[in-house]
Amino acid sequence: MSKIGVFPASGGLGSSIVNHLLQLVPASELVLLARHPDKLADVSRAGATVRRVDYDEPETLYRAFEGIGVLMLISYASFEIEHRIEAHKKAIDAALQTHVKHIFYSSLAFGGDLQPTSTAHVMGAHLATEKYLADLDAPITYTAIREGLYSESYPIYTNWFDVNSPSSEITIPHPGTGPGVAWAKRDELGEATAKMIASYAKNPEGFPYLDRVVLLSGPREVSLAETVEVLGRVGGKDTKIREISVEEYAKLPHEGRHTYHGVDLSREWATAWDAIRKGETAVVSPVLGEILGREPEAFEVTVRRLKDRS
């Protein structure tokens, strides 16, 4: 009997998907793949199969997906383009070689209403991977899930603002006005994704998202100005945006947060604000709420809970 695979299974989204899958299917039906399999010891003891696989060690992909019928492929953690595309392609090719029947791919919610283009550099590899999946001449189907921008990821869009140590000013190359972000709670994205996977596994022929890109977004659009107001309110400090140029932003000390394989991608990251300005992250889709069976959690609620847990 074919199983459900999740790769990588130990990151933030992966862990959430696995935790929710365990409520929907027996652990024995799961094959969990990760760079550090020791992080999956608990689910291994519960009956899941655990394998060591690493995007950056292509040789580990050989036969990695054996026995898997449905694969949840979570994108390589970076916002490079070429390196990331090649990592995804090698994983997809390995899945084809072991006769995986369906691939779910975690894309990102830039690109507006499922457009095939984006201003955001971070979206480049996702779009290329979506196209690679769509163009496969093989007996395999796919679903690319454009996961909404995580509410928990607000720091990367607000120059690393911290509600536990709030500042009065956020310097970014964006004025805060105009189209915003339909923020979505990561664990709710994980829950909905798990439900989609389990739904496909139970009834492939009746699955409504075969060979499609689908958008999971939060319940409403929140401008960056309102986002900052919320962060200031939760942090207990009046906080405002001060718009700066991309050049100024690139010169700020980012402590290596925008550096990948020795290359500083601060300017490339700044294109995310261009995409936000153009409305690429402002589209509100009902699909997340429909799959959850409830209204998705509001941005401020998520941020307050983050602060309470810290």
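Biologist: What makes up the lining of the largest cavity, by class?

Modeller: This model is predicted. In it, the lining of the largest cavity has seven nonpolar, four polar and one charged residues. E280 is in that lining. Glu counts as charged. The lining also includes G112 and G148, and Gly counts as polar.

Biologist: Why is this space called a cavity and not a pocket?

Modeller: Because a 1.4 Å probe fits in a cavity but cannot get out, while a pocket is an open set. The search of the whole structure finds one cavity of 30 Å³ or more. About 60 Å³ of space lies in the largest cavity.

Biologist: How do you know where the largest cavity lies relative to domain 1 and domain 2?

Modeller: Look at who lines it. Domain 1 (3-150 + 184-216) and domain 2 (153-179 + 219-282 + 298-308) both give residues to the lining, so the largest cavity lies between them. Among the lining residues are A109, L149, L215, T281 and A282.

Biologist: Which domains give residues to the largest pocket, and what is its volume?

Modeller: The volume of the largest pocket is about 1000 Å³. Of the 42 residues that line it, S75, Y76, A77, S78 and R84 are the closest to its centre. Domain 1 and domain 2 each supply at least three lining residues. By class, the pocket lining divides into 20 nonpolar, 13 polar and nine charged.

Biologist: What makes β3 and β8 edge strands?

Modeller: Start with the sheet. It is open, has seven strands and runs in the order β3-β2-β1-β4-β5-β6-β8, with parallel pairing. β3 (49-52) and β8 (212-216) each pair on one side only, and that makes them the edges. Neighbouring strands of this sheet are turned by 20° against each other on average, direction ignored.

Biologist: How do you know that β6 and β8 pair?

Modeller: Two strands pair if there are at least two bridges between them. Strand β6 (residues 141-147) and β8 have five bridges, in the parallel sense. The pair therefore meets the cut-off. One of the bridges links T143 to R212 in β8.

Biologist: What kind of peptide bond joins F7 and P8, and what is its omega?

Modeller: The bond is cis, with omega about -15°. P8 sits in the loop between β1 (3-7) and α1.

Biologist: What makes the phi of W160 worth a look?

Modeller: The value is near 65°, which is positive in a residue other than glycine. W160 is placed in the loop between α5 and β7 (169-172).

Biologist: Which residues does the UniProt annotation "domain: NmrA-like" cover?

Modeller: The unreviewed UniProt entry gives residues 2-255. Over residues 2-255 the chain is 32% helix and 19% strand. The end C-alpha atoms of that stretch are 44 Å apart.

Note on methods: Residues numbered from 1 in each chain as written. Predicted model: local features only at pLDDT ≥ 70, side-chain atom pairs only at ≥ 80, totals over all residues. Heavy atoms only, no water. 1 Å grid on protein atoms, 1.4 Å probe; cavity = no way out; pocket = protein on both sides within 12 Å on 5 of 7 lines; lining within 4 Å. Points joined across faces, edges and corners; volume = space filled by probe spheres on them. Domains from an automatic or database assignment. UniProt positions renumbered as here; feature names shortened; annotations may be inferred. Helix = DSSP H or I, 4+ residues; strand = E, 2+ residues; numbered from the N terminus. Axes fitted to C-alpha atoms, helices over the stretch in contact; angles between N-to-C directions.
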